[in-house]
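Please keep the sequence and the 3D view at hand while reading.

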Amino acid sequence: MALEQDGATLRLMGHCPVEEAEPLLDALRATPDATVDLTGAAWLHTAVLQVLMVAAPALRGRPDGLVAAACLAGLPAAVAE
Amino acid sequence: MTNALLAQFIPEARELLEHAGSGLLALEKSQSAEALDDIFRAVHTLKGTSGLFDIAPLTNLVHAAEDLLVEVRAGKLTLESEIVDGLLDSLDLVGHWIDALESREVLPDDAEAAMAGRVETLRGWLEAGGPAASVDTVGRQAAPDWLGSLPEAERQAAYAAGAPLVAWSYEPDESCFFRGDDPAHLVAQAPGLLGLRVVPRGPVPPLEAYDPVLSWLRFEALCAAPLEAVSEHLRYASDQVQLSPIEPEDLIVLAGPEDAAEMFGDFGVRARALVATGARAELKAAAAALLGIIGSATRQAAALRWIAALAATADAGALLRLVSAIDGATPVPTPASPPAAALQAPAGAAPSRTSAGAESPLRQRAEAILAVQAEMLAVTAEEALNAGRLAAARTVVRRCLPHLAPARAEALKAALARPGDTAALFALLRPADDAVPTAAPAATPTAVASPAAPAPALSAAESPDGGDGKGAGAGPARMLRVDQAKVDTLMNFAAELVVAKNGLAYLAGRVEQVSGSRQLGREIKEQYAVIDRIAQSLQVGVMAIRMMPVSQVFQRFPRLVRDTTRKLGKEVELVIQGEDTEADKNVLESLADPLIHMVRNALDHGIETPADRVAVGKPARGTLRLSARQENDNVIIEVADDGKGIDPEVVRDKALRVGLITPDQAAQMAPEEFVNLVFAPGFSTREQVSDLSGRGVGMDVVRNAVRKAGGDVWLASRLGQGSCVTVQLPLTMAVTRIVTVEASGQQYGVAMDAVAETVKVPRGQIHRIKQRETFVLRDAVIPLVRLADSLGLAPAAGAPPDEEAVMVARVGRERVGIVVDGFRERMEVIVRPLDGLLAGLVGFSGTALLGDGRVLLVLNLPDLI
């Protein structure tokens with residue numbers, strides 16, 4: 001399971017294929033204040049990136065790579081706890 | 001066909017071949033990049049899909065054609081007629097192979113050899129044309145407009161990497177996820193990826209209505225790699241990608257408002273001196289020092305950053321151009337104009353406020369929303385209300401955060417983090433307008449929403465790949481590829497429903513007769529009306545599926561005309577009109593062969609050679625006009641040429657010689673009637689049989705084919721001015737409106753289209769001219785035919801009536817009166833052709849089932865007269 005929810009924190013782990021886009025979208029719709037934790041994410045599929053871009057949740061950690069950086073640059077960072 | 005995949009491939013391949021073929025012809029006429037892209041896309045797709053099957057010769061041949069097209073697209077090869085011929089021939093060969101695949105599922109045995117020959121020819125041009133035409137003649141492609149929107153740091157890194165550089169944009173199509181594509185992965189793996197910007201291709205749907213399986217991103221990337229490597233990497237998405245090789249200088253795009261401070265003049269003087277003496281380190285330091293003083297959003301600041309970044313490595317010319325961009329002095333004349341152009345400030349040097357906001361409409365809107373929140377908070381309210389109001393405002397602000405300039409977002413976020421501090425939040429919201437210009441430029445450029453990007457850059461970003469955008473952005477019409485047999489089955493059911501509902505009308509009559517209940521009869525009739533309406537709609541709907549534009553038939557003609565005229569040494573301009581006219585697929589298919597024949601005839605016999613044309617004072621280039629239009633329930637297709645026309649005298653002599661007409665008949669005929677004798681069987685005016693037309697089959701074949709489809713054809717010609725063949729066909733052949741007539745106690749159907757009118761003729765007005773009975777209808781003599789006699793039926797018993805019921809029918813373009821015993825009713829039926837033992841029966845076009853279960857024979861009038 002690449003998507004885990006822990007209260008208001010959604011955690012994407014490892015390789016997140018296109019199938020994760022829909023559950024992620026549902027989770028973000030259900031939890032408007034969610035923080036998405038990407039520290040454990042290795043690769044996000046385009047569809048997943050798109051969901052993040054649309055929902056624009058606060059992010060913790062950013063996956064490596066120019067593409068993810070370019071897609072997620074506009075999203076706020078989670079407030080450090 | 002057992003292989004379902006192959007069955008799917010075949011129609012697709014045909015379509016692609018057609019695309020490529022028509023594209024090539026369009027390209028030959030006018031060099032358009034769009035047409036070239038179309039051809040390339042078609043050929044490329046064909047190559048890709050053919051790889052799924054064990055048909056290596058086909059794949060190899062298409063590959064060779066694609067390689068040739070790549071060179072043409074890159075401008076290294078000019079598309080001469082010879083090459084177009086070669087490509088067309090290759091496509092034809094592929095077409096033949098596709099036919100073979102369809103029938104036998106394997107390529108013909110000689111495919112390998114045929115392929116080798118063709119590939120050699122194509123490759124030959126590739127090698128001959130490749131080095132001959134140098135890249136310089138093509139002129140360097142302009143750098144894409146969006147280049148300036150890439151983060152400055154990434155551009156500087158790319159500049160440092162140096163040539164070869166490729167800037168490319170990639171708009172994965174909407175449904176790419178369904179094919180298992182991961183565009184981000186593809187982009188991430190691109191060779192030498194240095195810079196990237198990801199933007200939405202259009203308006204992004206809100207979260208509530210968001211569909212996670214559709215792709216809507218556009219990638220703009222910069223790679224330090226050879227064009228070939230990038231293009232190879234993106235080969236599977238080549239139709240969604242726009243590649244342009246760029247020079248490092250193209251990367252220097254300076255944007256931002258103009259700063260007219262005097263110190264720039266001083267800097268310019270000093271910097272030029274430093275460049276001249278080669279004191280690069282000092283130049284860098286000077287630029288850095290100045291940067292520390294001025295605002296970072298101006299154009300000058302951007303130029304300074306470039307100087308600071310490039311001082312150590314760039315050549316003097318580039319640095320001097322940057323210096324000129326700062327102090328506004330005349331730039332050093334430079335051979336490369338694009339960089340100079342890039343240095344100019346964007347139109348009118350947009351004032352700072354818009355430069356921050358206009359680039360992102362969302363940001364503007366977010367600011368507007370914040371301003372409203374501030375207004376709302378400013379209104380004093382009761383304590384109890386206030387808490388809820390504040391909470392609402394906080395939620396709104398939080399939602400707006402992602403769309404704000406990062407610096408402003410951070411500040412607001414900090415205020416939100418302190419729940420009690422309403423005043424701080426209010427204060428931040430309030431000066432929204434004033435805060436933007438200072439806050440935004442301070443922010444570092446980001447990929448998604450770069451404050452440095454001028455407004456025009458975004459809108460212009462769409463334009464460089466207009467070709468792509470049309471395919472992906474405009475939302476392609478969703479098509480369903482359905483086996484025609486399925487539609488035909490549906491059509492048959494719809495038509496049978498139309499016929500079956502006729503049974504209700506009978507039933508209503510019977511109910512009234514048998515039970516004497518008029519009430520019940522009326523109710524059945526009401527139900528009948530409802531079913532009738534639905535059945536009609538169903539039929540119209542199914543018919544619409546089968547309707548196709550005439551262009552389906554016409555599109556093969558540009559090629560045919562081109563090839564034929566080249567062979568004949570004639571010059572002909574093909575004009576196609578009304579190709580949007582729609583007709584039933586079967587009708588169009590029945591029309592295809594006759595039309596080819598007529599076009600060949602017009603080119604071969606009609607239009608003269610250029611020399612002959614000039615001699616009689618016509619333009620050397622002949623015109624062949626193909627036009628289609630709809631008239632009532634018919635499609636009218638005309639093939640008109642401005643050639644030498646047909647000499648009625650010659651036709652008459654020939655017709656007399658071969659015994660088509662007798663001298664007596666000839667004496668009575670008008671010139672236009674002679675001309676139409678060309679449709680008679682066994683007639684050909686040309687003595688010589690040419691390669692093209694007149695292969696023993698004449699225009700009679702055309703007429704037979706058209707008449708079989710329920711239409712008619714005739715010819716008009718003026719000697720020396722040209723001929724026009726007109727084909728009239730019914731729009732649809734599925735359901736026929738007929739009228740039933742009675743003869744000797746039997747009922748027969750006659751298609752309504754053929755019936756001009758019905759009249760009662762008193763016996764006294766029927767005259768006998770020679771062996772023929774005739775009567776006069778509105779000053780025209782109409783020959784009469786007795787249906788019972790024609791069918792060999794016994795004459796009706798009893799005394800002949802005082803008045804004969806005459807159905808005036810159109811046969812060809814003549815009118816004939818058909819004497820019947822009476823008219824019965826009109827109805828819509830499906831006429832089923834006679835088959836099996838009945839197939840050879842003359843006089844009937846088919847049978848139809850009546851509402852009461854009886855079988856009705858439908859007459860074929862031309863056979864009877």
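In what order do the four strands of the open sheet in chain B lie? The model is a predicted one, and in it the four strands follow the order β2-β3-β1-β4 of chain B, with antiparallel pairing. The points below begin with the two chains and then return to this sheet.

**The two chains**

- Chain A has 81 residues, and buried residues make up 47% of them.
- The secondary structure of chain A consists of three helices and six strands, which, read from the N terminus on, run β-β-β-α-β-β-α-β-α.
- When contacts in chain A with a separation of 6 or more are considered, 47% of them are accounted for by residues 24 or more positions apart.
- Chain B has 865 residues, of which 36% count as buried, and its secondary structure comes to 34 helices and 22 strands.
- In chain B, 70% of the contacts between residues at least 6 apart in sequence join residues at least 24 apart.

**The open sheet of chain B**

- In the four-stranded order β2-β3-β1-β4 of chain B, the edge strands are β2 and β4 of chain B, each of which pairs on one side only.
- From one strand to the next, the twist averages 15 degrees.
- β2(B) and β3(B) are joined in the antiparallel sense over seven bridges, and B:L193 stands opposite B:C223 in β3(B).
- Strand β1 of chain B, residues 165–170, is joined by five bridges to strand β3 of chain B, residues 217–223, and these two strands run antiparallel; here B:A167 has B:L222 in β3(B) as its bridge partner.
- Six bridges join β1(B) to strand β4 of chain B, residues 241–246, again in an antiparallel arrangement, and in β4(B) the bridge partner of B:L165 is B:I246.

- Is strand β1 of chain B mostly covered or mostly uncovered? The strand is mostly covered, since six of its six residues are buried.
- The residues B:L165, B:A167 and B:S169 point one way from β1(B), whereas B:V166, B:W168 and B:Y170 point the other way, and all of them are buried.
- Helix α7 of chain B, made of residues 152–161, lies across β1, β2 and β3 of chain B and runs at about 145 degrees to β2(B).

**Two helix pairs in chain B**

- Helix α12 of chain B (residues 299–310) and helix α13 of chain B (residues 316–327) have axes that come within 9 Å and cross at roughly 155 degrees.
- Because angles over 145 degrees count as roughly antiparallel, the crossing makes α12(B) roughly antiparallel to α13(B), and this crossing is left-handed.
- Where these helices meet, α12(B) brings B:Q300, B:A303, B:L304, B:W306, B:I307 and B:L310, while α13(B) brings B:A318, B:L319, B:L322, B:A325 and B:I326; by class, the contact has ten nonpolar, one polar and no charged residues.
- Helix α1 of chain B (residues 4–29) and helix α26 of chain B (residues 557–568) pack at an angle of about 55 degrees, with their axes 9 Å apart, and that angle makes α1(B) oblique to α26(B).
- The crossing in which α1(B) passes α26(B) is left-handed.
- In this second pair, B:G21, B:S22 and B:L25 in α1(B) meet B:P558, B:R559 and B:R562 in α26(B), and the residues of the contact divide into two nonpolar, two polar and two charged.

**The contact between chain A and chain B**

- How many residues does each chain give to the contact? There are 27 residues from chain B and 25 residues from chain A.
- On the side of chain B that touches chain A, the elements that give two or more residues are α8 (183–188), β2 (193–200) and α18 (406–417) of chain B.
- The residues on that side of chain B divide into 22 nonpolar, two polar and three charged.

Notes. Residues numbered from 1 in each chain as written. Chains lettered and ligands numbered in written order. Predicted model: local features only at pLDDT ≥ 70, side-chain atom pairs only at ≥ 80, totals over all residues. Buried ≥ 20, exposed ≤ 12 C-beta atoms within 10 Å, placed from the backbone. Pairing = 2+ DSSP bridges. Axes fitted to C-alpha atoms, helices over the stretch in contact; angles between N-to-C directions. Parallel < 35°, antiparallel > 145°, perpendicular 65-115°, else oblique. Left-handed = near helix turned anticlockwise from the far one by under 90°. Contact = placed C-beta atoms within 7 Å. Nonpolar A, V, L, I, M, F, W, Y, C, P; charged D, E, K, R; others polar.
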